[in-house]
Amino acid sequence: MSERDEDKGLTVKRGEEFLQIFKKGAEFTQDLLKENERLRYQLLQIEEAARLRQEQAGVDDPELERLRRRVENLEQEKQEILDRIRHVEEENQDFANRYVEIENENNMLANLYIASFQLHSTLDFREVLQVITEIVINLIGAEEFAIMLLDEKTNRLTTMASEGLDQETLPTVELGQGIIGQMAKTGENYFIEDMENYQRDFTHPIVCIPLKIKEHVIGVIVIYKLLEQKSRFAEVDYELFTLLAGHAATAIFSSKLYSESERKLSTIQGFLDLMTK
Amino acid sequence: MSTYKVLVVEDSPTMRQLIIFALKRIRGLTIVEANDGVDGLKKLSSDKFDLIFTDINMPIMDGLKLVSLARNDPGYKTVPIVIITTEGASEDRERALAIGANDYITKPIQTVRIIEVARKLLNITG
């Protein structure tokens with residue numbers, strides 16, 4: 001036998017050995033797959049049995065059922081408490097808003113009460129004008145304004161008191177003339193629409209409030225400038241204007257009547273003194 | 001409950017009434033009024049106050065002079081003083097704060113603001 005034939009025989013032998021090993025590996029893999037399948041089936045059976053046992057135990061165990069109901073009740077109570085907290089919070093917010101509203105109303109009533117009290121605290125004409133001036137400065141917050149009274153003989157409005165303005169420079173106004181005269185004639189309040197771009201004009205104020213006894217106008221309050229920090233009117237200001245329109249008018253009228261009657265009384269007294277001497 | 005004595009120095013009766021009206025809403029306050037700086041000074045020397053409200057613009061003696069004199073008095077070195085002013089008089093306000101005023105209230109007066117300032121300076125809660 002030649003050397004070449006020997007090599008060939010050896011190669012065939014090794015090939016057969018490799019084939020044997022490969023076959024054994026394939027068989028082993030097959031076995032493993034089968035075993036895996038069997039185990040998975042067993043696992044499913046065990047899980048199913050456990051689930052059934054658990055379900056059975058749940059239905060049958062009264063303690064577990066009681067605890068489950070207790071948990072449900074507690075969950076419901078928790079929800080109710082949360083709802084109540086939300087409701088109380090809403091109420092609190094509502095109370096806080098009401099408190100602010102009441103404080104504002106209180107502030108407004110205090111201003112109106114003080115203004116009314118002060119307007120009727122004197123029968124002296126000059127003092128009445130002073131009180132009106134104080135109200136317009138301190139409670140409304142005006143910096144430049146005038147109180148004009150109507151002379152019924154001439155039908156002209158003349159400035160009787162002013163603040164922040166030279167009284168001499170303020171013109172007299174004829175009834176029915178311009179905004180001031182018109183408001184005095186109709187008895188209506190006037191508020192300028194564009195307050196921001198206002199330029200002072202004595203014939204065109206930012207506010208004109210007729211002073212009225214019932215429907216009878218005796219004068220007007222005209223405002224030309226508000227204090228720097230006062231950019232617009234608040235609700236209380238409109239209430240104060242309404243109060244001023246009526247109460248300031250009666251206070252002015254009463255004080256004038258009182259002054260006249262005092263003057264007449266003094267004249268009569270002087271006359272009587274002369275007679276009885 | 002502790003009581004505090006408050007002096008209100010203001011020449012305008014309307015303003016004085018409004019400030020007193022507001023302060024009366026705080027329990028435990030005794031309020032004394034003075035109608036100008038001189039009257040205020042007299043009351044400061046004859047009594048002891050825990051808080052002072054004073055207007056700046058007043059006849060005879062203005063609020064600035066009153067603040068200055070009060071701060072030179074050892075008894076009123078630390079007593080809180082509130083000045084009442086218009087925004088237009090901001091220089092006066094700054095001067096008053098510089099010479100020792102603690103706070104200020106601008107016109108038009110809000111009763112809520114008076115109560116708030118008084119409570120703060122007297123450390124009254126609730």
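Predicted model: local features only at pLDDT ≥ 70, side-chain atom pairs only at ≥ 80, totals over all residues.
**Chain A, overall**

Read along the sequence, the order is α-α-α-β-β-β-α-β-β-β-α. I then checked the spread: the radius of gyration of chain A is 51 Å, well over the 19 Å from the globule rule for 277 residues, so the chain is more spread out than a compact globule. Along the principal axes, the C-alpha atoms of chain A fill a box of roughly 185 × 65 × 30 Å.

I looked up burial next; 30% of the 277 residues of chain A count as buried. For contacts in chain A with a separation of 6 or more, I noted that 55% come from residues 24 or more positions apart.

**Contact with chain B**

I took the residue counts of the contact: 19 from chain A and 18 from chain B. The two chains bury about 1,700 Å² between them, and 57% of this lies on carbon and sulfur atoms. On the chain A side, A:Ile114, A:Asn138 and A:Gln229 lose the most area to chain B, together 30% of what that side buries.

I searched for polar pairs across the interface and found eight residue pairs in polar contact, both residues at pLDDT 80 or more. Helix H2 (62-119) and helix H3 (125-140) of chain A each supply at least two residues to the side touching chain B. H2(A) gives the most, with eight residues. By type, I sorted that side of chain A into eight nonpolar, seven polar and four charged residues.

I counted one salt bridge between the chains. In it, the side chains of A:Glu103 and B:Arg25 meet at 2.8 Å, N to O.

Methods: Residues numbered from 1 in each chain as written. Chains lettered and ligands numbered in written order. Heavy atoms only, no water. Contact = heavy atoms within 4.5 Å. Buried area = accessible area lost by both parts, 1.4 Å probe. Salt bridge = Lys/Arg side-chain N within 4 Å of Asp/Glu carboxyl O. Polar contact = N/O pair within 3.5 Å; in protein donor to acceptor, adjacent residues only side chain to side chain. Helix = DSSP H or I, 4+ residues; strand = E, 2+ residues; numbered from the N terminus. Nonpolar A, V, L, I, M, F, W, Y, C, P; charged D, E, K, R; others polar. Rg over C-alpha atoms; globule rule 2.2 N^0.38 Å. Buried < 20%, exposed > 50% of the residue type's maximum accessible area, 1.4 Å probe, protein only.
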